[in-house]
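Subject: Structure handover

Hello,

Here is the structure I promised to pass on. Please open it first, then read the notes below.

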Amino acid sequence: MQRVILKLAVGVMLVAGGSIVGPIVPVQAQGGQGRGAAPPANGQAQAPIDLTGYWVSIVTEDWRWRMVTPAKGDTASVPLNPEGTKVANSWDPATDGSCLAYGAAGLMRIPMRLHITWENDQTLKIETDAGQQTRRLLFDRSQQAPAQRSLQGFSIAEWELAGGGGRGGGGRGGAAQGPRFGNLKVTTSMLSGGWLRKNGVPYSENAGLTEYFDRFPAPNGDEWLVVTTIVSDPKYLTQDFVTSTHYKKEPNATKWAPAPCRS
């Protein structure tokens with residue numbers, strides 16, 4: 001699925017389909033690996049944006065499905081097929097708080113704080129206080145996927161670069177490189193089944209997950225992280241389930257409050 005993004009002068013970002021997903025200041029090109037584009041850049045040294053630090057969810061949409069556990073059978077806006085609807089309608093409210101709601105395909109929609117660090121120069125680590133989950137985004141494509149599926153799956157990351165800072169230097173004349181922009185693309189496989197929402201709206205072990213991480217400064221000096229999530233699941237969904245989730249940078253860990261999910 002190709003993502004189309006327009007950066008508007010009025011200070012917002014519009015994703016194809018009409019969703020407004022965040023405050024924007026810079027105007028820059030963004031996209032995949034077209035003709036003449038630089039090859040994927042890997043690791044900490046090539047990072048065009050800094051995603052590290054503490055971030056807090058800013059819930060500006062889908063409040064009724066995110067801030068509280070929805071009622072059993074409330075599956076509105078999720079493109080479930082009949083089998084997915086049947087599974088969602090069988091949810092037991094006694095399982096509210098289950099770790100099944102904290103798998104990678106649903107995790108980023110949970111209201112929470114993130115702590116993002118470089119575990120090493122080829123691994124970006126995301127920790128959550130809600131559910132106490134840890135995701136590892138691997139830039140080293142030589143790593144083999146694990147044999148066993150898991151809630152967080154196996155995530156391969158790559159920087160998508162735009163502007164003058166791509167690989168290859170300044171060319172024959174040795175011209176200086178221009179500003180470098182870009183975003184992080186993450187593809188996750190080897191998921192075990194889980195929930196897209198706390199009330200048991202399902203995704204299966206056949207689900208695929210693609211995410212885009214973008215960081216933007218706001219005019220007032222705030223820093224924003226927008227995570228666009230695309231869940232594909234032929235078992236339970238009739239089409240891709242796409243969401244955009246907003247986080248604001250926090251200065252430190254003062255408000256970090258780990259709370260485990262129920263295994």
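Start with H115, which lies in strand β5. Strands (E, at least two residues) and helices (H or I, at least four) are DSSP runs, numbered from the N terminus. H115 is buried, at 17% relative accessible area. Buried means under 20%, exposed over 50%, and partly exposed in between, with a 1.4 Å probe and protein chains only. Beyond its neighbours within four places in sequence, H115 is in contact with G53, Y54, K125, I126, E127 and W256. Contact means heavy atoms within 4.5 Å.

Two cautions on the source. This is a predicted model: local features need pLDDT of at least 70, side-chain atom pairs count only at pLDDT 80 or more, and totals for chains, interfaces and linings use all residues. Residues are numbered from 1 along each chain as its sequence is written, and side-chain values use heavy atoms, leaving out hydrogens and water.

Now the overall picture. The protein has three helices and 16 strands. Of its 263 residues, 47% are buried. Among contacts with a separation of 6 or more, 63% join residues 24 or more positions apart.

Next, the cores. A nonpolar core is a set of buried Ala, Val, Leu, Ile, Met, Phe, Trp, Tyr and Cys residues joined through side-chain atoms within 4.5 Å. The largest has 29 residues, and L51, L114, L184, F213 and L225 have the most contacts inside it. Strands β5, β6 (123-128), β9, β10 (180-189) and β14 (223-232) each supply at least two of its residues. The largest share, three residues, comes from β9. A second, separate core has 14 residues, including L196, Y203, A207 and V231.

Then the rings. The whole structure holds four aromatic pairs. Rings of Phe, Tyr and Trp (its six-membered ring) pair if their centres lie within 6.5 Å; planes under 30 degrees apart are stacked, over 60 edge-to-face, and the rest tilted. W118 and F139 form a tilted pair, 5.5 Å centre to centre with 35° between the planes. W118 lies in β5 (residues 113-120) and F139 in the loop between β8 (134-138) and β9 (154-163), so this pair ties together parts 21 residues apart in sequence. F139 is buried, at 1% relative accessibility. Ring pairs link W118, F139 and W159 into a cluster.

One last item: the charged end of R197 sits over the ring of W65, 4.1 Å from its centre. That term requires NZ of Lys or CZ of Arg within 6 Å of the ring centre and within 35 degrees of the ring normal.

Best wishes
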